[in-house]
Amino acid sequence: MATSSSGYSRMFFKLRKYANKSQHLYHIDSFNLVIRTIWTSGSKTQLQTKVHTKSLPQMVGVVGLEVHAQIQSTSKLFSGSHVRFLAPPNSLVSHFDASLPGTLPVLNRRCVEAAVLTGLALNCTINRKSLFDRKHYFYADMPAGYQITQQRVPIAVNGILVYSYFEGHRRNQVVTKSVKIKQIQLEQDSGKSLHDDEQSQTLIDLNRAGVGLMELVMEPEMCCGEEAAAAVRELQLILQALGTCQANMAEGQLRVDANVSVHRPGEPLGVRTEVKNINSVRHLAKAIDYEIQRQMEVLQSAGKVLNETRGFDSKSGNTIPMRDKEGLQDYRFMPEPNLPPLFVYESEASLPAGVDPAQVVLIDRLSAQLPELPSVKRTRLVEKYGMLQEHSFTLVNEDGLMDYFENVVQTAKAEPRKVIGWVIKELMGNLNSQNLKVSQSPISPCALAELINLVEAGHISSSTAKQVFQEMWKAPEKTVGQIVKEQDLWMINDKEELQQICKRIVDSHPEEVQIIRGGNTKVLNKLMGKVQRETKGRTDPVQVRAILEKMVS
């Protein structure tokens with residue numbers, strides 16, 4: 001009797017589920033079901049193979065993102081309340097934030113400019129006229145019972161985000177992709193609910209209520225966690241370069257919701273689940289990959305993927321159900337009656353008569369403020385300094401590292417490729433081991449350049465310089481010269497002294513000398529190491545090799 005494709009799906013996962021619980025080992029090919037039964041009981045192993053040519057169509061993941069970026073502003077979107085992380089609960093709440101009767105919203109111009117600037121950086125079309133809406137739903141930390149947002153006509157639409165990630169055995173092959181930005185909309189944040197399980201009560205902190213957000217909606221064009229993580233990381237860098245959002249995910253300044261589904265290529269998209277409020281790039285990748293795999297397993301076992309909201313448990317690495325979305329929620333969208341349409345203008349020349357340019361948002365004025373974006377920085381670094389692409393990513397992705405590198409290059413009398421080795425290996429190695437930021441480095445760019453210059457001038461060896469670097473890290477108040485002088489680390493350049501040192505090493509290792517004279521020249525490296533240890537690395541390896549080769553020939 002022929003087995004149906006659904007039967008194969010059930011067989012596939014039944015085998016995978018129980019294979020580890022028996023003495024039968026199974027191998028599953030993604031396109032052809034191949035069962036190899038290995039009987040491990042007894043002294044002999046028997047191999048039986050059955051091949052079913054029925055194909056199992058490969059499923060792929062589809063990922064779209066909704067990113068809520070907290071606008072970097074001193075006050076909230078519609079009130080004058082200050083914005084400050086970790087302020088005492090309910091200490092930054094105006095009457096409007098608390099939804100007291102009779103209070104009205106006043107739009108924050110800084111938030112509008114931040115949204116326009118972000119839209120320009122992401123190649124969006126800026127709507128000259130956008131509208132505000134009320135989105136009704138109940139949260140205990142949303143006292144008004146609705147959120148003011150831009151559902152119908154947002155401030156920016158139809159953008160694109162270009163991002164890159166690494167592939168290959170050594171993770172050094174750059175893959176560049178892009179994802180469409182459907183829209184960027186201004187909206188207000190909700191407050192925060194703090195659940196006290198011991199006393200079975202929920203406490204409300206409204207400090208965050210009304211804080212300005214940009215919601216960036218990305219189309220479902222990514223296929224895995226790695227792509228989504230790369231896109232969010234690039235967005236972080238862009239927002240930080242613009243100064244429109246600090247994008248610190250640990251402080252909730254950037255919150256990501258991932259819409260995940262799976263389907264077979266050529267077929268309609270599957271039912272999607274929404275994984276809410278992911279608070280780190282690393283967790284984002286893990287949550288998406290887990291959810292893709294979970295949905296594939298549900299479908300292959302003839303189950304049904306539910307349209308639901310899920311959370312991510314970082315300890316287990318799993319997504320967990322929060323609430324279902326099978327019933328369509330009616331948000332009762334309506335125009336916000338207390339806010340007129342929002343107009344932005346191309347330039348002063350496009351202003352209506354009588355409008356004060358100082359009182360409106362001008363696109364050309366904001367375009368002129370666009371800084372050098374991360375992708376442009378990477379291209380410039382590669383072209384100007386001839387560095388590898390992966391090095392340009394390291395310099396740009398780490399806050400402050402590119403400026404540190406360029407400051408060292410300006411002073412150091414060495415090729416940029418040598419400087420980048422010091423910055424990435426020595427500096428970043430020490431910073432990462434102590435969980436420090438570049439701005440917290442005890443070694444300034446000027447001090448590192450001075451150290452590199454001593455190596456280039458031949459005053460100290462490269463191995464000695466690494467020792468000096470560690471001493472500089474421990475005692476940043478000391479100069480490079482002081483450390484080298486105190487520990488007597490200057491290079492031994494006296495030829496006669498080098499000759500005497502090498503002669504002692506050769507005379508004390510007659511066996512190695514005989515092996516070298518017998519044709520095994522690799523042993524010469526052992527003698528060079530002896531010289532380096534005796535001199536504490538204060539010799540030029542080229543000079544030492546020349547002297548030793550002459551002595552043992």
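## About the model

The model is predicted: local features need pLDDT of at least 70, side-chain atom pairs count only at pLDDT 80 or more, and totals for chains, interfaces and linings use all residues. Residues are numbered from 1 along each chain as its sequence is written, and side-chain values use heavy atoms, with hydrogens and water left out.

## Two nonpolar cores

A nonpolar core is a set of buried Ala, Val, Leu, Ile, Met, Phe, Trp, Tyr and Cys residues joined through side-chain atoms within 4.5 Å. Buried means under 20% relative accessible area, with a 1.4 Å probe and protein chains only. The largest core has 68 residues. Leu65, Val116 and Leu186 touch the most other members.

Leucine 186 has contacts (heavy atoms within 4.5 Å). Not counting residues up to four places away in sequence, its partners include Ile71, Leu77, Val112, Phe132 and Leu342.

## Helix α7

Helices here are DSSP runs (H or I, at least four residues), and strands are runs of E of at least two, numbered from the N terminus. Helix α7 spans residues 389-397. Its Ser392, Phe393, Leu395 and Val396 are buried. Seen down the axis, the buried residues fall within an arc of 165°, so they line one face of α7. That arc is taken from the directions from the helix axis to the C-beta atoms.

What covers these buried residues? The cover includes strands β8 (156-167) and β9 (173-188). It also includes helices α3 (225-242), α6 (374-385), α8 (401-411) and α9 (416-433).

## Helices α8 and α10

Helix α10 covers residues 445-456. It packs against α8 at an angle of about 45°, with the axes 8 Å apart. Tyr404, Asn407, Val408 and Thr411 of α8 make the contact with Pro445, Leu448, Ala449, Ile452 and Asn453 of α10.

## Two buried residues

Threonine 539 sits in the loop between α15 (524-534) and α16 (541-552). Its relative accessibility is 0%, so it counts as buried. Its contacts, not counting residues up to four places away in sequence, include Ser461, Met491 and Val544.

Glycine 212 lies in strand β12 (residues 212-218). Its relative accessible area is 3%, so it is buried. Isoleucine 71 is 141 residues away along the chain, yet the two C-alpha atoms are separated by 5.5 Å. Leaving aside neighbours within four places in sequence, glycine 212 is in contact with Ala69, Gln70, Ile71, Leu77 and Glu187.

How values were computed:
Buried < 20%, exposed > 50% of the residue type's maximum accessible area, 1.4 Å probe, protein only. Axes fitted to C-alpha atoms, helices over the stretch in contact; angles between N-to-C directions.
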